[in-house]
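Here's a quick briefing on the pockets and nonpolar cores of a predicted model. Have a look at the structure first, then run through the notes below.

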Amino acid sequence: LLTDRRDCDGPYGGRRSFRYVGPRHCTDVLCCVIFIVVILGYIALGIVAWVHGDPRKVAYPTDSYGQFCGQKDTPNENKTILFYFNILKCASPIVLINLQCPTTQLCVSKCPDRFATFIDMQASYRYNKSYWDYYSQFCKPGFNKPWKSVAQVIRDEDCPSMIIPTRPFLKRCFPDFSTKNGVLTVANQTTFKDGKGKTRNVTDLREAANGINNVLDSRSVGMKIFEDYASSWYWILIALFIAMVVSLLFLVLLRFTAGVLFWIFIFGVIGIIGYGIWHCYWEFHRLHGIPGSDLTIYDIGFQTDFRVYLQLRQTLLAFMIILCIVEVIIILMLIFLRNRILIAIALLKEGSRAIGYIMSTLFYPIITFILIAVCISYWAVTAVFLATSGEPVYKVMANQTLCKYANLTCYPETFNTTNVTKLCPGAQCTFAFYGGESLYHRYIFIFQLCNVFVFLWLVNFAIALGQCTLAGAFASYYWAFRKPADIPPCPLFSSFGRAIRYHTGSLAFGSLILAIVQLIRVILEYLDHKVKGSQNAFARFLLCCLKCCFWCLEKFIKFINRNAYIMIAIYGKNFCTSAKEAFFLLMRNVVRVAVLDKVTDFLLFLGKILVAGGVGVLAFFFFTHRIPVFTQEAPFLNYYWVPLLTVIIGSYLVAHGFFSVYAMCVDTLFLCFCEDLERNDGSTGKPYYMSASLHRILGKKELSPKKLMG
């Protein structure tokens, strides 16, 4: 807890400071134990997933027998590419990549480079067996009956009925499409034989061709973007360093410019609205006597050209009245809230001063970033291993849509002994996906949900730890009676130690509540995706309402948690007590909260725009060779917007990282300020700990000489 402990040599003598009474006690111990157990269980889940999972199932293509193409120490070791027997059954490249194409898939060492059909091969086999030697590469392993009837080969899918020139892409054989004089061709041909006695046009593959060409174009663009990054990464880092310096300078200078920026903005808004009122009045007066200007909006009805409404005096009169009302509201707010606005500006300046004394806080977001990056990496790796945890599952693939055995699970070892092939001619037992029937495999979906939930919990805990640590550091600044003399040494490190040692349970408790709400939102998004094409309007409406409600609930919980962590850092109480005290303290100062929040949001948003925009403009002139001094140093790029967008987005994120510390500082100082007003009265026995500027704004009696010196 915090208490007022003084060692005085007189009314103003000695060292006055708000000190932490020790030792603190651990808070929310039960939640801390649960949190540790969950982390251990999460580690165990990751280990189990790593034992059963195999990411190669995602990275490498799999044939119809569930074997990896190119896997070492297997018959497919030198067969690294996946070939599709009937590419016409695959409507789009996405189907191919997802291995859902309803045709036999085979691992081959190279893709076909010519047109051929099984019928033509049989005709040529009689006098030249080399045709079969080439064609057999694309038949099932072990099949060596080139004289087998074409109908039986197609029925049993021993060989493809036809092959077309293809090229490997994403380790799969894709048709070798090209355009000649605006005509789609495959190997300079516009038609091909399908092996069933028909001549087909390559436009039958147009849908696949369009998708593949888009993917290939994307790959080309991706290579150029990679080249641009390779030649400009050094300058991007320099630009981000400049953004960091500018953000730091902006925060330091806020103690001098916060009031000026805010009042310039306010009077600018008042002036713009005033001009709008004058302009509406002038247009209203100008339209007097003009035919048609006295019509009402009701008379002309709805018009797609909104300029028509601007020719009506009624529209201009309505605009003028609305602007006058807004102008009066703003002016009245400035009159009645002037003291609270001055307090908000003073707190902003005080926050800048506090950061100047505790500069290490500006770099704490790096720790939060590292913790979140570790959580994301662990979650992603575990999710991949869970998704690939399973044995090959085979399904009956039938050519006839009326086959009752279609899509049923089958076993390749015993499939030929069943009567499925008799009832459904041409049916095959082919690999479908990875799964299993064991207890572990049946609950993989539950494990994935647990993976997501613990991930959200850990990320929220990392953010909560950062907020509590920063709050403790800035609270030590506020409650130092003489600033900076009474600020304890290493305030950031000390606050971090207290948060970890005593308040892990409280931080985990607040993070748990937020993680539950976020998990519900994830589930609602999943359900909304499922029913998006549904005709049930009530279900869609209900989901929309639930999504809106839980979004609002998440925002509210984040607000409560943030202030609860500040109270935990100051007083060391448990989460529920801190949340309750923070909530009621804010409610007793609700107007100040609203004013401070809006003033802070405006200044920080302005700062982010200035940093990102300023550095972005500088980067634009640099990468487009418009700065004469650096014309030779600037790299030549394929797309100058690649490093430019990276610099702008990166600068915004850098500024956001710095300003998030500043926002936490202002929020902490505000709560401390409210507590200071309620606990103390400015007397000798209970002096205020606020700065001299805040004290003057409140109109209280002058502070002690030593306080003014601080």
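The largest pocket holds about 1600 Å³ of space, and 50 residues line it. Bear in mind that this is a predicted model.

**Largest pocket**
- Nearest the centre you'll find Arg562, His656, Gly657, Ser660 and Val661.
- Two or more lining residues come from each of α7 (206–286), α11 (364–387), α15, α17 (504–530), α18 (537–571), α20 (590–623) and α21 (641–679).
- The top contributor is α21, with 14 residues.
- Sorted by class, the lining comes out as 30 nonpolar, 14 polar and 6 charged residues.

**Second largest pocket**
- This one has a volume of about 470 Å³, with 19 residues around it.
- Lys140, Asp156, Asn416, Ala427 and Gln428 sit nearest its centre.
- At least two lining residues each come from α6 (150–156), α12 (412–415) and β15 (428–435), and β15 has the largest share, at 3 residues.
- Its lining splits into 7 nonpolar, 7 polar and 5 charged residues.

**Nonpolar cores**
- The largest nonpolar core counts 119 residues, and Leu347, Phe474, Tyr478, Leu507, Phe659, Tyr662 and Phe673 have the most contacts inside it.
- Helix α15 (residues 444–478) gives the most to this core, 20 residues in total.
- Apart from that core lies another, of 21 residues, including Phe83, Leu106, Ala116 and Phe118.
- Setting aside neighbours within four places in sequence, Phe474 touches Ala354, Ile355, Ile358, Thr361, Val661, Cys665, Thr668 and Leu669.

Note on methods:
Residues are numbered from 1 along each chain as its sequence is written. This is a predicted model: local features need pLDDT of at least 70, side-chain atom pairs count only at pLDDT 80 or more; totals for chains, interfaces and linings use all residues. Side-chain values use heavy atoms; hydrogens and water are left out. A nonpolar core is a set of buried Ala, Val, Leu, Ile, Met, Phe, Trp, Tyr and Cys residues joined through side-chain atoms within 4.5 Å. Buried means under 20% relative accessible area, exposed over 50%, partly exposed in between (1.4 Å probe, protein chains only). Helices (H or I, at least four residues) and strands (E, at least two) are DSSP runs, numbered from the N terminus. Contact means heavy atoms within 4.5 Å. On a 1 Å grid over the protein atoms alone, a cavity is a set of points where a 1.4 Å probe fits but cannot get out, and a pocket is an open set with protein on both sides within 12 Å along at least five of seven lines; lining residues have an atom within 4 Å of a point. Grid points are joined across faces, edges and corners, and a volume is the space filled by probe spheres set on the points. Ala, Val, Leu, Ile, Met, Phe, Trp, Tyr, Cys and Pro count as nonpolar, Asp, Glu, Lys and Arg as charged, and the others, Gly among them, as polar.
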